[in-house]
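Hi everyone, thanks for coming. Let's take a friendly walk through a protein that may be new to you, so please have a look at the picture first.

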Amino acid sequence: MKRGKPMLIKINGEDVDIPEGSTIKDAIELSNAPYKKGSIVCLIKGESEIQSNVLKYKIKTPKGSILIELEVSEKSKPLTDFFKENYSLFSSNNVRWETSNEVAIGPVESNFEPSHDEFRYFDNDVLISLSGFSKEATHIIFVKDDHSNVYGVPKYSDRGVFARIIGGRRTLFSLTDDDEILSIEPVIERSTVTDSTGGSNLEEVLEEGNQLFTYALLEPNAKSPASVEHLFSLIRNNKIQVDFESNSFLGFYELNGLTKDAEEISERKRGTVTLRSEGNGKGRVYVYREDRVRAETHTNLATVKQGMELFDTAKKGDFITVLSDPERIMLMMLTQKEAEEKMQSLGIKHVRDGNLDDDAIVVIQTPENTIDILENKEVTTFGLASDELVKIKLTDKAPRTRWYLEKISGLAEKPVGTLKVYFAVPDMNMFMFNGDTDESKGLIPENIPTDIVKAGEIAVTNMSRKNLGLIGIRTIDTDEFGPTGEAFSATNIVGEVVGNIEGLNKLKDGSTLYIYEVYDEE
């Protein structure tokens with residue numbers, strides 16, 4: 001790392017001093033910014049880059065807000081530049097006057113030379129006026145109706161017009177003299193960000209004034225507790241992968257097909273996170289880059305509170321580092337003691353059930369949903385001895401079968417899954433588990449064994465046999481038939497037991513097997 005003189009940059013919105021010559025990677029390490037390896041980052045050269053690309057501004061008043069969009073032309077550029085540099089000054093003023101034709105706010109001082117000509121104006125025009133032909137009395141005029149007037153507009157401009165009203169006309173007509181201008185804020189859109197970004201190579205050298213974004217912060221919607229848990233299930237190791245990209249939204253489809261009842265429905269504003277609850281694509285999660293109208297099939301899951309820039313610049317296949325406030329409360333795979341300590345730190349009452357020992361592993365939590373636990377201020381955890389829990393690893397060579405098993409066992413959404421024993425014969429080293437008739441439809445043959453099925457391999461009967469969807473495990477090698485008692489051609493190998501295979505010997509017909517999945521990165 002180079003050790004030059006300090007320079008000031010922003011990392012995730014916070015001012016940070018780093019040595020001159022530092023790379024993005026250096027900055028992440030020095031600031032301890034949240035970032036997961038393999039995720040994208042977003043680099044913006046500076047605040048001026050963002051401001052130069054902003055075209056929309058929201059003017060907030062006690063009566064509501066007015067939205068304006070700046071003109072883009074050579075004649076309007078001096079006026080839009082003036083507005084961008086001075087809009088904060090106008091926000092400290094009140095409505096100076098209002099008539100049937102106009103509303104004025106100001107004054108501020110400018111360097112424009114006034115014109116004495118009369119011009120024609122149309123409703124929704126926004127112009128700069130030098131009242132009394134004085135630079136010290138520069139106002140912004142919002143046009144309410146078509147009319148002609150002499151406003152002392154800047155010379156050589158197009159009638160002094162620099163913007164148009166694109167929202168909030170009702171507010172405009174309700175304003176009266178001395179109504180306060182609460183604030184004027186730039187509206188950041190996806191194009192504002194993407195037009196301002198530079199490279200995101202971690203070895204890129206940073207410069208004074210750069211802005212770096214490394215993670216996105218989500219605020220879950222407390223009115224959609226079950227759907228929020230679906231979102232948490234999608235975020236693995238604080239990372240989420242983009243499956244679809246369009247101008248208006250990003251799509252995250254890993255849990256496609258998992259059904260959740262509709263919860264809170266709302267307008268899909270920029271930064272809103274939704275879950276499709278019905279129809280084609282149910283189970284998919286969307287993050288909106290642009291405003292979209294309310295849709296009855298979309299539950300409001302969360303809002304992006306920070307790091308929207310990452311969603312703006314992400315492409316299909318990219319990973320984004322994601323945090324949540326509040327964080328998910330997931331106690332499964334902790335010990336009873338660890339769960340108790342975690343809940344104490346959050347001020348939540350903890351009740352033990354099942355195996356109460358400190359080192360017992362939590363396999364069930366009640367309530368299941370984070371939002372419900374936070375509201376109830378109480379959670380019960382059901383524990384098992386560690387030798388009653390079986391560790392499995394699933395293969396990517398049988399994607400449909402893997403998804404089927406993860407879905408019906410609950411592993412798609414939780415760290416611990418369950419399988420109901422259909423047939424257990426320890427003396428024959430054979431154990432079978434109930435499938436799901438509806439979910440198993442379409443299980444084509446995939447990853448079929450040829451010569452042998454090894455001890456501990458997990459198999460599912462494919463659609464070539466009537467016992468479609470049945471799940472099996474054998475604890476010895478076999479070259480005769482698969483773990484579900486079918487020919488190899490009807491056997492899809494979906495994974496293997498990689499820990500505590502002896503735990504299968506304790507199973508009886510009708511009992512429950514608790515399983516947990518490990519991944520390559522672990």
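Domain bounds here come from an automatic or database domain assignment. On that basis the protein is divided into domain 1 (6-47 + 192-213), domain 2 (55-187), domain 3 (216-324), domain 4 (334-384) and domain 5 (390-517). Please keep in mind that this is a predicted model, where local features need pLDDT of at least 70 and side-chain atom pairs count only at pLDDT 80 or more, while totals for chains, interfaces and linings use all residues. Residues are numbered from 1 along each chain as its sequence is written, and side-chain values use heavy atoms, with hydrogens and water left out.

Now the overall form. The C-alpha trace spans about 105 × 55 × 50 Å along its principal axes. The radius of gyration, taken over C-alpha atoms, is 31 Å, whereas a compact globule of 522 residues would have one near 24 Å; that globule rule is 2.2 Å times the number of residues to the power 0.38. Domain 1 and domain 2 have C-alpha centres 36 Å apart.

The protein has 10 helices and 32 strands. Helices (H or I, at least four residues) and strands (E, at least two) are DSSP runs, numbered from the N terminus. Of the 522 residues, 50% count as buried, meaning under 20% relative accessible area with a 1.4 Å probe, protein chains only; exposed is over 50%, and partly exposed lies in between.

Let's visit strand E15 (residues 216-220). Why is E15 largely enclosed by the rest of the structure? Because 4 of its 5 residues are buried. Two strands pair if DSSP finds at least two bridges between them. E15 pairs with strand E22 (residues 319-324) in the parallel sense over 3 bridges, and Leu217 stands opposite Leu323 in E22. With strand E21 (residues 298-306), E15 runs antiparallel, joined by 4 bridges; there, Glu219 has Thr303 as its bridge partner.

Last stop: residues 390-517. An unreviewed UniProt entry annotates them as "domain: Putative peptidyl-prolyl cis-trans isomerase", and such annotations may be inferred rather than shown by experiment. This stretch is 9% helix and 34% strand, with its end C-alpha atoms 9 Å apart.

Which residues of helix H10 (residues 399-409) are buried? They are Thr401, Arg402, Tyr404, Leu405, Glu406, Lys407 and Ser409. The buried residues of H10 pack against several strands, including E26 (389-394) and E31 (491-499). After H10 comes Gly410, with a positive phi near 95°.

Note on methods:
Contact = heavy atoms within 4.5 Å.
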